[in-house]
Amino acid sequence: MKRRNIPKYKVGDTVVITMYGTVGKITDVKLIDGNYVYEVNKSDGLFVESGLQLLSEYEGDLVEQEQIDIEYKFFFGDLVQVAGYGPDLFKIVGFRTEIWRYKEDAWEDVIYELSRISDGEWLEAGEEEMTLVADAESADTFIQKLGLLYLVNNEEKQQVAVSKTQNMVRKVELDAIERKKEKKQLIDNLLDIYNDYKILYTMFLDQEYYQVMRVILRKLKSVVNDDGKSHV
């Protein structure tokens, strides 16, 4: 079945936020990582289609509306690192807001659902645990240019293969030359990307560019040392 390519709601529609039973008007429609999300009453929060329903179709109870302004630091498709996971990269695949209300206190927690680039492992994390590496628009290009997909998927296999062949006949000289060429090409690519982001950081002093530079330097150190260890 083909994915519906038009939004379910449009600007001006009166909808019910089903989680709260509150009513509002759609003030903006955004397409993020292939999913439509909606701004209601010009608030900072965004809602997925499944969390909304047209007022004319709603059969539940309505409650007095509470204005909640939530600023999301990350969005679908962003590439991040998570505290405690070293240089591992994760892509944001979802997020939710947990709203807590008590007689004497109230707060909101934003929980992000992540998928690790290397093996697809699922993880939940809060904003304070995450560091942006690349936004959704540039995430895939960033991964490909760094050669991370190749390194992540093949690094362990290469290390196991090297270990097994240590007690076997040495590989032919041609294989050794080819590996050196691949390593040199990877280092050249990483240096090119580092220089690009260094220029951007010099121009804008944006910490996101600086963070990318750090990731590249760690990867360069790992490739140059070729010791199979993670460098944090």
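Patches join residues with over 30% relative accessible area and no salt bridge: like charges within 9 Å, nonpolar side chains (Val, Leu, Ile, Met, Phe, Trp, Tyr) within 5 Å. A salt bridge is a side-chain nitrogen of Lys or Arg within 4 Å of a carboxyl oxygen of Asp or Glu.

This is a predicted model: local features need pLDDT of at least 70, side-chain atom pairs count only at pLDDT 80 or more, and totals for chains, interfaces and linings use all residues. Residues are numbered from 1 along each chain as its sequence is written, and side-chain values use heavy atoms, with hydrogens and water left out.

**Exercise 1.** Find the nonpolar surface patch that includes W100.

Solution. 
- Step 1: W100 lies in strand β7, residues 90–101. Strands (E, at least two residues) and helices (H or I, at least four) are DSSP runs, numbered from the N terminus.
- Step 2: W100 is partly exposed because its relative accessibility is 31%. Buried means under 20%, exposed over 50%, partly exposed in between (1.4 Å probe, protein chains only).
- Step 3: Areas come from the Shrake-Rupley method with a 1.4 Å probe; for residues, only the protein chains shown count as cover.

**Exercise 2.** Describe the fold along the sequence.

Solution. 
- Step 1: The protein has ten strands and four helices.
- Step 2: The order is β-β-β-β-β-β-β-β-β-β-α-α-α-α.
- Step 3: Of the 232 residues, 33% are buried.
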